[in-house]
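Here is a short tour for your next look at the viewer. Have the sequence and the model side by side as you read.

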Amino acid sequence: MPEREHDDQEREFDLRWADAAPHKEPSARARMLAARWKENPPEPQPFRADPEPVAPRRSSWVSTAIVLGSVAAIIVLLGWAQFRAPY
């Protein structure tokens with residue numbers, strides 16, 4: 001029997017043995033949350049609670065004006081630098 005096939009069979013056996021284990025250890029995150037909640041339990045939350053209010057978004061025309069103003073300022077600055085450059 002080739003070595004690789006033998007390893008695959010052992011690995012499959014190990015996985016079936018591990019999946020059939022009566023007790024599985026919780027993940028590190030589950031242990032961390034359990035320890036944190038033991039001291040300071042979370043407040044109950046309704047299912048699909050309303051999200052917290054967020055700051056209003058700035059309108060698209062303000063963003064457009066900022067971008068166009070920045071581009072215009074860069075063009076003017078480059079033109080001024082070119083004008084002042086000695087030939």
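Which residues make a nonpolar surface patch of about 270 Å²? Val 67, Val 71 and Ile 75 make it.

## About the model

This is a predicted model, where local features need pLDDT of at least 70, side-chain atom pairs count only at pLDDT 80 or more, and totals for chains, interfaces and linings use all residues. Residues are numbered from 1 along each chain as its sequence is written, and side-chain values use heavy atoms, with hydrogens and water left out.

The chain averages a pLDDT (the predictor's confidence in each residue, from 0 to 100) of 80, and 79% of the residues score at least 70.

## Helices

The chain holds three helices and zero strands; these are DSSP runs numbered from the N terminus, with H or I and at least four residues for helices, E and at least two for strands. Where pLDDT is low, the predicted coordinates should not be read in detail.

## Surface and patch

Of the 87 residues, 1% count as buried, meaning under 20% relative accessible area, with exposed over 50% and partly exposed in between (1.4 Å probe, protein chains only).

Back to the patch: its members have over 30% relative accessible area and no salt bridge, and nonpolar side chains (Val, Leu, Ile, Met, Phe, Trp, Tyr) are joined within 5 Å. Ile 75 belongs to helix H3 (residues 60-84) and is exposed at 57% relative accessible area.

## One salt bridge

The count comes to one salt bridge, defined as a side-chain nitrogen of Lys or Arg within 4 Å of a carboxyl oxygen of Asp or Glu. Glu 25 pairs with Arg 31, their closest N and O atoms being 3.0 Å apart. Glu 25 is exposed at 63% relative accessible area, while Arg 31 is partly exposed at 41%.

Key:
Patch = residues over 30% accessible without salt bridge, like charges linked within 9 Å, V, L, I, M, F, W, Y side chains within 5 Å. Areas by Shrake-Rupley, 256 points an atom, 1.4 Å probe, with all protein chains shown as cover.
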